[in-house]
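Student: I have a structure to go through with you. Could we begin with the terms and then turn to the details?

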Amino acid sequence: MRSSNVADRGYERIVIDFAGAGIPRLYGHISEGEKKISVDFFDTTVGGQIASLKNTKNVQSVDFLAIDANQTTMEIKLKSKLNFDVFYLESPGRLVIDIRQ
């Protein structure tokens, strides 16, 4: 996982990298009241230590929760109500979240 702030374009980008060419099956949920984005990754596990995000403008915290042996949930808690775009890239597999004010 990594992040960057692209001030000229007006967004902060979070990228989750995967080991394979594609991304796992997933389900996402936006909780505006809690200012949180939750993403469930199916048939996947977290490999190794995940570096925490530093110097982010919009993200309060990111937590990974192992639901069972093959499912992991990622919770991104935001500092305020924001807009965002979510898309994925392949070869290598990446989930991209652009957070905008």
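Tutor: A polar contact is a pair of N or O atoms within 3.5 Å; within protein, one must be able to donate a hydrogen and the other to accept it, and residues adjacent in sequence count only if both atoms are side-chain atoms. This is a predicted model, in which local features need pLDDT of at least 70, side-chain atom pairs count only at pLDDT 80 or more, and totals for chains, interfaces and linings use all residues. Residues are numbered from 1 along each chain as its sequence is written, and side-chain values use heavy atoms, with hydrogens and water left out.

Student: With which side chain does that of aspartate 85 make a polar contact?

Tutor: With the side chain of arginine 100, at 3.2 Å.

Student: Which residues is aspartate 85 in contact with, leaving aside neighbours within four places in sequence?

Tutor: They are Val96, Ile97, Asp98 and Arg100, where contact means heavy atoms within 4.5 Å.

Student: Changing topic, what is the strand order in the open sheet of four strands?

Tutor: The order is E3-E4-E6-E5, with antiparallel pairing. Strands are DSSP runs (E, at least two residues), numbered from the N terminus, and two strands pair if DSSP finds at least two bridges between them.

Student: Which strands stand at the edges?

Tutor: Strands E3 (26-31) and E5 (59-68) do; each has a single partner strand, so one side of each is left without a neighbour in the sheet.

Student: And how many bridges join E4 and E6?

Tutor: Seven, linking residues 36-42 of E4 with residues 71-78 of E6 in the antiparallel sense.
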